[in-house]
Amino acid sequence: MDLGLPDWVADWARDVPKLKVAPPGPKSKEIIEKDKKYVSHAYDRLFQFTMTKGSGAAIMDADGNVFLDFSAGISVMNAGWGNPRVVQAIKDQADKLIHSLANDAYYDKEAEYAELLAKISPGGALESTFFGNSGAEAVEAAIKLSRYYTKGYEHIAFMGAYHGRIGNALAMASRVKYKYGHGPYAPGFFFAPYPYCYRCWFKQEYPECNMLCIDYLEKGILEFGGPSNSPASIFVEPVQGEGGYIVPPKEFLPRMRKLCDDKKFLLVMDEIQTGLARTGEIWECNSAGVIPDLLLTGKASGGGVPFGACMAKRSIMDVWRPGSHSSTFGGNGMSIAAGLAHVKEILAQNLTERSKVLGAHAMKRLNELKDKYEIIGDVRGKGLMIGVEIVKSKKTKEPLYVPQIQGLAWRKGLMMITAGMFGNVFRIAPPIIISKEQLDIGIDIFEETIKETQSKMT
Ligand SMILES: Cc1ncc(COP(=O)(O)O)c(C=O)c1O
């Protein structure tokens, strides 16, 4: 497999990073000042610079600095920033019809995209799709649909889960940071421990634990933890994303499938972050051979345009009648055209395989760093969805606050975002079309940053 950059990547985006001025430069500063005055401060704004254009795995700021991107816009731009097939599809669609009125009329590309999603769905079993505008909206659709279908109203989510910032999706978020000041939340949501083996909730070791965390869900939470036996759905991230890029043991998904079958919950697989080649699979649940009842996609499936979709087995989706759910912009011309082109590109370029190959290379290098540096506590991942957990010491595993390390890497030209319940996990999740050479350059910068941080600590 050729692991170089695709031909279409711009010249300025090849030999990166390249910084002309210390970021944020004067032009970025000017824009940031105006932004701070008029735009809500709710966004975290980790990077104090202004993005102006992207190509491949590189981002240029307003001052002409070029950064290497290890975030893919939070796992959105899997086939690369500025992918010409996606850009052309957006332009062609904009020329014809921007808003397709999917609420009230039919539109060729919407049917084409739904057909493609059905074909590539796990086991080809999720044949019907509801289109919305964001990941969180896909989650809300799944909550409504699972209640409508089961007539139940109780849901299981996991500690460390993230399913979005609105309504019931927010009720399933497990971090105080997301929920503080926004309650009260709807009743009916119960939390189970996710198999976070590096920090086992029960201080056990895998595999000797026999997955005690799942026993706790089955025999503790469901029987004595408060539900009234009105099951609707269990929401599972097959690799926990915002919770810290946590890869569960291989038994986890099959046991969730069995639990749902036994207790009559619908299994909802939230593949909004994991899907579409990020983990080296089209859907991560394929790696366990598990077919969910509903599958949620967002992020990469919109090709960079706001998008979310809830795919379901036909027998489940068909309980909804016309008018049961709706959205003015769901199935919108721009997002459908961009998403369809992006998914086609992911398939045509075999990005699942590329993600596996590059991911294996990155995992090897990062594990070598783990052996070398005391502050790297854990390295885990699938494909190009890799988490590096930073600690004060390997022995205590006490989380080390990482924004300073993140800032240091950024000033060297590497954009990395974080995750984790303690905010101490770096995500290595670049656009999958990144070259092996660029991936190595990024890991070299990451090492320099870790080395400098550790030497300052001792
Ligand atoms: C697993 C998962 N579900 C849902 C969401 C929410 O998606 P959105 O931000 O598009 O609403 C996210 C976003 O990060 C996510 O990672």
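**Entry 1. Salt bridges over the whole structure**

I searched the whole structure for salt bridges and found 27 of them. I note at the outset that the model is predicted.

I then took individual pairs. D35 and R45 form a salt bridge whose closest N and O atoms are 2.7 Å apart. D35 sits in helix α1 and R45 in the loop between α1 and β1 (51–55), so I recorded this pair as a link between distant parts of the chain, ten residues apart. I looked up the accessibility of both partners: D35 is partly exposed at 23%, and R45 is likewise partly exposed at 39%.

The next pair I examined was K344 with E112, whose side chains meet in a salt bridge at 2.9 Å, N to O. Because K344 belongs to helix α11 (residues 333–348) and E112 to helix α4 (residues 108–120), the pair ties together parts that are 232 residues apart in sequence. I find K344 partly exposed, with a relative accessibility of 43%, and E112 partly exposed, with 30%.

For K263 and E223 I noted a salt bridge with its closest N and O atoms 3.8 Å apart. Here helix α9 supplies K263 and helix α8 (residues 212–224) supplies E223, and the two residues are 40 apart in the chain. K263 is partly exposed at 31% relative accessibility, and E223 is partly exposed at 47%. I also recorded one network in which salt bridges with shared partners join R199, D378, R380 and E389.

**Entry 2. The two domains**

I turned to the domain assignment, which gives domain 1 as 11–79 + 351–457 and domain 2 as 86–348. Taken over C-alpha atoms, the domain centres are separated by 26 Å. I looked up the contacts across the boundary: 38 residues of domain 1 touch 36 residues of domain 2.

The area buried between domain 1 and domain 2 is about 3,000 Å², and carbon and sulfur atoms give 56% of that area. On the domain 1 side, I asked which three residues supply more of the buried area than any other three. They are K382, M385 and M421, with 27% of the area that domain 1 buries against domain 2.

I counted polar interactions next. Between domain 1 and domain 2 there are five salt bridges and 26 residue pairs in polar contact, both residues being at pLDDT 80 or more. K382 forms a salt bridge with E284, and the closest N and O atoms of this pair are 2.6 Å apart.

I then listed the elements that give two or more residues to the side of domain 1 that touches domain 2: α2 (72–75), α12 (351–372), β11 (376–382), β12 (385–390) and β15 (425–428). The most comes from β11, which gives five residues. Sorted by class, this side of domain 1 has 19 nonpolar, eleven polar and eight charged residues.

I located H155 in strand β5 (residues 154–158). Is H155 buried or exposed? Its relative accessibility is 0%, and the limit for a buried residue is under 20%, so H155 counts as buried.

I looked up the side-chain partners of H155 and found two polar contacts, one with R147 at 3.0 Å and one with S233 at 2.9 Å. Leaving out residues up to four places away in sequence, I recorded that H155 touches I143, S146, R147, G188, F189, F190, A232, S233 and F235.

**Entry 3. Backbone details**

I checked peptide bonds and noted that the one from V16 to P17 is cis, with omega near 0°. P17 is placed in the segment before α1 (26–38). A cis peptide bond also joins G183 and P184, with omega about 0°, and P184 lies in the loop between α7 (176–179) and β6 (189–192).

I looked up phi for Y245, which is positive at about 50° although Y245 is not a glycine. Y245 is found in the loop between β7 and α9 and is buried, with a relative accessible area of 1%. K264, another residue other than glycine, has a positive phi near 70°. I placed K264 in the loop between α9 and β8 (266–270), and at 59% relative accessibility K264 counts as exposed.

**Entry 4. K250**

I placed K250 in the loop between β7 (231–236) and α9 (252–263). With a relative accessible area of 66%, K250 is exposed. K250 and S287 are 37 residues apart in sequence, and I noted a C-alpha to C-alpha distance of 8.9 Å between them.

Key. Residues numbered from 1 in each chain as written. Heavy atoms only, no water. Domains from an automatic or database assignment. Contact = heavy atoms within 4.5 Å. Buried area = accessible area lost by both parts, 1.4 Å probe. Salt bridge = Lys/Arg side-chain N within 4 Å of Asp/Glu carboxyl O. Polar contact = N/O pair within 3.5 Å; in protein donor to acceptor, adjacent residues only side chain to side chain. Helix = DSSP H or I, 4+ residues; strand = E, 2+ residues; numbered from the N terminus. Nonpolar A, V, L, I, M, F, W, Y, C, P; charged D, E, K, R; others polar. Buried < 20%, exposed > 50% of the residue type's maximum accessible area, 1.4 Å probe, protein only.
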